[in-house]
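Subject: Structure handover

Hello,

Here is the structure for you to look through. Please open it first, then read my notes below.

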Amino acid sequence: MARRPRPKPVRLTDAAAARVRDIMEERGMGYLRVGVTNGGCAGMEYVMDYAAAPEPLDEVVEDNGVTILIDAKAVLFLLGSEVDYEMTLLHEKFVFRNPNQTDACGCGESVTIVPAAAD
């Protein structure tokens, strides 16, 4: 029996991928690291950074021309997420759309995330 393809834990919109590629080229980095950390008034915060190489337990995802690294402990919190890049008159920022997010603080800096059920 053939296994069904495993879904990507995180996807990038075209706008997010283009911005990440520009920043990575400027900084000379090859990977985007995405994760979550404990913090903020709602309990967790999304984190993004750039990396020169994967860590041994990282989940490696290729999407939209970008190689994304996800810490193994963050995968279930991010499963099904989409990262977008928004530009308005007041701000430019990356935005997470996460089906596992159940709440956010008023300022939008921290979130409450329930881990996805492992299939």
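Asp63 counts as buried, because its relative accessibility is 8%. The scale runs like this: buried is under 20% relative accessible area, exposed is over 50%, and partly exposed is in between, with a 1.4 Å probe and protein chains only. Asp63 sits in strand E4, residues 59–63. Helices and strands here are DSSP runs, numbered from the N terminus; a helix (H or I) needs at least four residues and a strand (E) at least two.

What does the side chain of Asp63 make a polar contact with? The side chain of Lys8, at 3.1 Å. A polar contact is a pair of N or O atoms within 3.5 Å; within protein, one must be able to donate a hydrogen and the other to accept it, and residues adjacent in sequence count only if both atoms are side-chain atoms. Setting aside neighbours within four places in sequence, Asp63 is in contact with Lys8, Arg11, Leu12 and Ile68. Contact means heavy atoms within 4.5 Å.

Some ground rules. This is a predicted model, where local features need pLDDT of at least 70 and side-chain atom pairs count only at pLDDT 80 or more, while totals for chains, interfaces and linings use all residues. Residues are numbered from 1 along each chain as its sequence is written, and side-chain values use heavy atoms, with hydrogens and water left out.

Asp84 is in strand E6. Asp84 is buried, at a relative accessible area of 13%. Its side chain joins that of Arg97 in a polar contact of 3.0 Å. Not counting residues up to four places away in sequence, Asp84 touches Thr13, Ala15, Ala16, Lys93, Phe94, Val95 and Arg97.

Next, the whole fold. The protein has two helices and nine strands. Along the sequence they follow the pattern β-α-β-β-β-β-α-β-β-β-β. The C-alpha atoms fill a box of roughly 50 × 35 × 25 Å along the principal axes. Of the 119 residues, 36% count as buried. Take the contacts between residues at least 6 apart in sequence: 52% of them join residues at least 24 apart.

On to the core. Nonpolar side chains tend to be buried together in soluble globular proteins. A nonpolar core is a set of buried Ala, Val, Leu, Ile, Met, Phe, Trp, Tyr and Cys residues joined through side-chain atoms within 4.5 Å. How many residues does the largest one have here? It has 26, and Leu12, Leu32, Val36, Val66, Ile68, Ile70 and Leu78 have the most contacts inside it. Several elements each supply at least two residues of this core, including helix H1 (14–27), strand E2 (31–38) and strand E5 (66–70). The largest share, five residues, comes from H1.

Look at two of those core residues. Leu12 is in strand E1. Leu12 is buried, at 4% relative accessibility. Beyond four places in sequence, Leu12 touches Ala17, Leu32, Asp63, Asn64, Val66, Ile68 and Val83. Leu32, leaving aside neighbours within four places, has contacts that include Leu12, Val20, Met24, Met48 and Val66.

Last, the rings. The whole structure holds two aromatic pairs. Rings of Phe, Tyr and Trp (its six-membered ring) pair if their centres lie within 6.5 Å; planes under 30 degrees apart count as stacked, over 60 as edge-to-face and the rest as tilted. Tyr46 and Phe96 are stacked, 4.1 Å centre to centre with 0° between the planes. They link distant parts of the chain, 50 residues apart: Tyr46 is in strand E3, and Phe96 is in strand E7 (residues 92–97). Both Tyr46 and Phe96 are buried.

Why is the pair of Tyr85 and Phe94 tilted? The planes of the two rings lie at 55°, so the pair is tilted, and the centres are 4.9 Å apart. Tyr85 is buried, with a relative accessible area of 11%. Phe94 is partly exposed, at 23%.

Best wishes
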